[in-house]
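Subject: Structure handover

Hello,

My notes follow below it.

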Amino acid sequence: MNLPRLIIADEINEGTVSPGVFLVYALKRTGVKIKVFTCARSETDLRLLKLLLEEPVISLDLYTCGTVKNLKTLFQKTADSDALNVILVPLGTRPEENFVQVHPEPADLAKALSCGIVLVLAASTSAVLTANTASAVVSTFDGAEDNPVLGILFASVKNPREYQLLEQDYGRKSALLTLGYIPKEIERPSPTLQDLYDTGAATRIMQIKSAVLQLISVTRQVDWEILDAFGYLKRDWTPPQETGYIEKNFKIAIVGDRDFSLEDNNSRELFQFLKCEVADYNPWQDPFPLDAEAFYFPHSMVGVYVDKLMAHRPFVYGIKQSLIANKLIFANGASSLLFGQHLTTSNRVKHEALKIFPFWGSYTSVKKGDVSRRIEVRATVDSIFTKKEEKMRGYALDGLHISNPGNVVPPVWAYRDTYKDAELGTSGWVKGYCFVTDLNLELWSNIDVVNRWLSLRKR
């Protein structure tokens with residue numbers, strides 16, 4: 001099986017659009033057929049990529065996928081054998097001017113997916129200092145059995161002369177191929193997540209597109225052909241072991257306009273993988289899907305549309321009747337707030353909710369550059385979704401709060417930050433066949449759990 005693939009590990013400067021976003025959109029504009037994946041990117045990056053590329057994005061995170069097998073299954077299912085499949089991964093953090101603390105994700109993904117890496121490093125004021133830093137970064141990958149680093153590209157370079165000096169200094173320290181540079185002049189401020197949902201989003205996207213056109217207009221500034229070719233280097237792909245699941249023969253409706261979703265496309269792909277018929281349900285355009293046996297509410301920008309949704313009687317009536325009919329309902333992340341008594345948005349406006357659970361919810365704006373914390377969920381009791389002691393993974397969401405859940409509907413999960421080895425809280429509430437969580441759960445982290453949950457609804 002041929003799956004052209006390449007990791008771009010970029011150093012992200014807070015407050016500016018990350019260089020990897022520029023590169024993947026520029027590749028597309030140069031005529032390269034490309035499919036983009038992400039790992040450990042912020043919600044802002046994910047939204048920005050969806051708007052630029054005008055297509056869904058898949059997240060490939062080895063931690064939240066749980067196992068290499070799950071990760072490879074997701075990649076193999078969604079990758080395009082006729083395109084360059086690019087995975088955007090943060091390179092690391094820079095606690096000091098001349099030191100980059102490299103994250104483990106680039107090397108771990110390269111090993112799991114058997115592919116190469118192109119590094120994108122920010123240039124400092126000194127060419128010598130940047131060359132030394134780049135050499136140190138590359139050396140962190142030397143311990144790998146098969147060094148996956150194929151080349152390096154520099155960002156935030158002030159002018160061509162600085163790049164010439166940098167290339168010379170770096171060339172003395174390493175034989176690694178340099179692919180060019182991204183000029184500092186085309187950097188653009190990173191929009192907030194709210195910016196990408198308001199009426200000015202189109203203008204902000206156009207500014208980034210204009211900067212990309214400026215980047216690709218200069219001949220040989222970035223060697224696009226070599227960047228593309230790196231994905232086609234012969235690296236064997238070993239398919240994961242096949243897992244057979246019984247065909248569900250029913251429809252699951254994904255609720256909400258895709259424009260408001262903060263999720264990647266992972267959940268949709270999993271439902272299809274588990275042999276469900278997946279349908280989009282836009283409450284403002286589509287009749288309520290009476291023939292659906294399950295409903296999935298993705299993590300979303302709930303504060304933008306809650307008033308409109310709660311005023312839409314066919315939706316409210318349809319969901320409450322589905323609850324009575326014991327149809328499966330799962331609300332992920334911020335969408336869980338729709339099922340409480342009321343929710344308060346970032347502008348402190350209080351909105352009525354579905355009043356299915358006793359809790360109150362609030363959702364505040366997330367700061368620029370914030371990346372949600374990876375967590376591990378453990379079921380403390382049996383529920384319709386998980387059995388006691390079963391584990392799943394996902395993200396704890398900053399700015400999302402549920403209060404006064406009461407004792408009538410106690411939580412069924414505890415969750416922890418495995419990196420800090422610290423318990424963080426509880427989540428997961430059940431009423432009938434409705435399950436809600438204020439965590440952004442990665443359903444691929446435990447496929448068997450999701451399959452068993454879907455199998456509760458039989459036709």
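Helices α4 and α10 are roughly perpendicular to each other (65 to 115 degrees; under 35 degrees counts as roughly parallel, over 145 as roughly antiparallel, the rest as oblique). Their packing angle is about 90°, and their axes lie 11 Å apart. Axes are lines fitted to C-alpha atoms, for helices over the stretch in contact, and angles run from 0 to 180 degrees between N-to-C directions. Helix α4 covers residues 68-78, and helix α10 covers residues 266-273. Helices (H or I, at least four residues) and strands (E, at least two) are DSSP runs, numbered from the N terminus.

Before the rest, the ground rules. This is a predicted model: local features need pLDDT of at least 70, side-chain atom pairs count only at pLDDT 80 or more, and totals for chains, interfaces and linings use all residues. Residues are numbered from 1 along each chain as its sequence is written, and side-chain values use heavy atoms, with hydrogens and water left out.

Back to α4 and α10. On the α4 side, Thr73, Leu74, Lys77 and Thr78 make the contact (heavy atoms within 4.5 Å). Ala, Val, Leu, Ile, Met, Phe, Trp, Tyr, Cys and Pro count as nonpolar, Asp, Glu, Lys and Arg as charged, and the others, Gly among them, as polar.

A salt bridge joins the side chains of Lys77 and Glu269, at 2.5 Å, N to O. The term means a side-chain nitrogen of Lys or Arg within 4 Å of a carboxyl oxygen of Asp or Glu. The pair links distant parts of the chain, 192 residues apart, with Lys77 in α4 and Glu269 in α10. Lys77 is partly exposed at 31% relative accessibility, whereas Glu269 is buried at 13%. Buried means under 20% relative accessible area, exposed over 50%, and partly exposed in between (1.4 Å probe, protein chains only).

The structure holds 21 salt bridges. Here are some others.

- Asp169 and Arg172: the closest N and O atoms are 2.6 Å apart. Both residues lie in helix α7 (residues 160-173), 3 residues apart, about one turn of the helix. Asp169 is buried at 16%; Arg172 is exposed at 62%.
- Glu389 and Arg378: the closest N and O atoms are 3.6 Å apart. Glu389 sits in the loop between β17 (373-379) and β18 (391-396), and Arg378 in strand β17. Glu389 is partly exposed at 45%, and Arg378 is partly exposed at 30%.
- Asp10, Arg41 and Asp45: salt bridges link these residues in a network.

Next, Ser59, in strand β3 (residues 58-59). Ser59 is buried, at 12% relative accessibility. Its side chain has a polar contact of 2.8 Å with that of Asp264 and one of 3.1 Å with that of Thr38. A polar contact is a pair of N or O atoms within 3.5 Å; within protein, one must be able to donate a hydrogen and the other to accept it, and residues adjacent in sequence count only if both atoms are side-chain atoms. Setting aside neighbours within four places in sequence, Ser59 also touches Leu74 and Asn266.

The axes of α2 (residues 43-53) and α8 (residues 201-217) come within 11 Å and cross at roughly 75°. That makes α2 roughly perpendicular to α8. Leu48, Leu51 and Leu52 of α2 meet Ile205, Ile208 and Lys209 of α8. This contact has 5 nonpolar, no polar and 1 charged residues.

Best wishes
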